[in-house]
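Trainee: I have not looked at this one before. Can you walk me through how its parts pack?

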Amino acid sequence: MPTASTRRTRHIGLSLGADICWPIAFEEILRNAKLELRIGKEVVDFACERVAIQPFELGAGCKYDVVVDRLTHWFTLQREWIKKAVLMDGLYVYNNPWSVQSYTKHSSYCAMIALGMPVPKTLMLPQKSYEPKDDLDYTLRAYARMFDLGEIGRSVGYPSFMKPYDGGGWQGVSRADDEAGLRDAYEHSDRYLMHVQKAVDGSDLFVRAIGIGPQVRIIKYVAENPLHERYTTERGFCSAADERTMVDTCLTINTFFGWDFNSCEALRRDGVFYPIDFANPCPDSQINSIHYHWPWYLTSNLKWAVFTAATGRAMPRNLDFTPYYAIAKQDIPYSEKLKGYARIARERLQADEFDAFCKKHLRPLEEAANAWYRSDRLMEAARRKVAHLFPAHEVDEFTERFVALVRQSVDDMEKESKS
Ligand SMILES: Nc1ncnc2c1ncn2[C@@H]1O[C@H](COP(=O)(O)OP(=O)(O)O)[C@@H](O)[C@H]1O
Ligand SMILES: [Mg+2]
């Protein structure tokens, strides 16, 4: 039996907004798993709690080893608390809050184009209108140049998409099939800073690659469907080579920007994946949209949180782009570059250590997770989320539908792992 002096509790914090369903599962599964991991000379167990929004003293220390953060992108106090805990207290957080704050869709396009990724041709336009400021008038009169949107439209080609440079949730996104459509989109763009991007027209597959640490899941997505049917349940819809490309693309993006948890959208045309939206460092994790994939998200999230907490994984405080650019400038095909980027990514994410750790320590966590998904607790957590979003008369029907998809997925994953 371990002595008292060799015991250690690692603290996992959940920094949450309206994440109703998955945190319930996260906490209960972790508790039910009763992990006691022998790490070196210590026996490590885990405590999990939700991070409160409250005043904090800058020098006050931080009890958490790891924080899973879902607030940084819009809640300033929490973001700044996280920054202080990384800078002062050695906190590991996913995702890197500086990177979430500053690497928008636009800058993620720029960096990945520089690495050779086939992002469709994209142009940035000056804003249609601006928030009034003292110096605005002078600045625009002196420096704003007239431009011809028609010419820009022709240079990008149609159809094209006009969308905010730092967008999310499809806000302000519109498709233009001709010059009139493009002009109309610009007229309505108001204070949004916009891109015009060539559409990946005639694509035969839309995928989302979700990365949680070194774990990646490729999901077929149908953007035209209602929200709860966009993430399809199809598996095996692309070749192993295609899957490798998307896994490597996702890991490259995530490690370049210091995002442990991110989603990358890409459209395939003529066998090439064109990434179109990959700065999503707070991916949708709600049972009503990802349903069938929800248990993969949760179990993967738990495994990565436990691994980072148990091993004291160091938070990379700086992003280091240099090795990626060193590969980018080599005279080799993009497919070879991508393999090189992915090697850096796997190393940074300790992919091999993580695999070995899971095999050695995390079987009880997986078992506790699968038992939870099959328990009434899933029904309760799902119902809470569904009741928050759906009209009362639809709550039963949709709760049951999502629960059935989760359980189907757990059965499928168990079969997969045995085969
Ligand atoms: N270049 C493009 N080609 C084809 N479809 C696109 C393109 N850009 C955006 N879309 C469509 O518009 C949706 C929203 O655009 P996206 O860049 O993902 O914005 P958001 O960050 O708001 O999710 C995408 O999911 C896709 O369906
Ligand atoms: Mg998107």
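**Helix packing and cores**

Mentor: Helix α8 (residues 240-257) packs against helix α12 (residues 334-348) at an angle of about 60 degrees, and their axes are 8 Å apart. Axes are lines fitted to C-alpha atoms, for helices over the stretch in contact, and angles run from 0 to 180 degrees between N-to-C directions. Helices (H or I, at least four residues) and strands (E, at least two) are DSSP runs, numbered from the N terminus. This is a predicted model, where local features need pLDDT of at least 70 and side-chain atom pairs count only at pLDDT 80 or more, while totals for chains, interfaces and linings use all residues. Residues are numbered from 1 along each chain as its sequence is written, and chains are lettered from A and ligands numbered from 1 in the order in which they are written.

Trainee: Why are α8 and α12 called oblique to each other?

Mentor: Angles under 35 degrees count as roughly parallel, over 145 as roughly antiparallel, 65 to 115 as roughly perpendicular and the rest as oblique. The angle of α8 and α12 is about 60 degrees, so the two are oblique to each other.

Trainee: Which residues make the contact?

Mentor: Among them are Thr245, Asp248 and Leu251 of α8, and Leu338, Tyr341 and Arg348 of α12. In contact means C-beta atoms, placed from the backbone, within 7 Å.

Trainee: What about α15 and α16, at what angle do they pack?

Mentor: Helix α15 (residues 376-389) and helix α16 (residues 395-418) pack at about 130 degrees, with axes 9 Å apart. They are therefore oblique to each other too. The contact includes Leu378 and Val386 of α15 and Phe398 and Phe402 of α16.

Trainee: Now the largest nonpolar core. Which residues touch the most other members?

Mentor: Phe26, Ile29, Ala209, Leu302 and Val306, out of 96 residues. Helix α10 (residues 294-311) gives the most to this core, with 11 residues. A nonpolar core is a set of buried Ala, Val, Leu, Ile, Met, Phe, Trp, Tyr and Cys residues joined through C-beta atoms within 7 Å.

Trainee: What does Leu302 touch?

Mentor: Phe26, Ile29, Leu30, Leu365 and Ala369, not counting residues up to four places away in sequence. Another core, of 10 residues, lies apart from the largest one, and Tyr186 is one of its members.

Trainee: Last one: is Glu57 buried or exposed?

Mentor: Glu57 is exposed, because 7 other C-beta atoms lie within 10 Å. Buried takes 20 or more, exposed 12 or fewer, and partly exposed is in between, with C-beta atoms placed from the backbone. Glu57 sits in the loop between β3 (42-50) and β4 (66-69).

Notes: Two residues are in contact if their C-beta atoms, placed from the backbone, lie within 7 Å.
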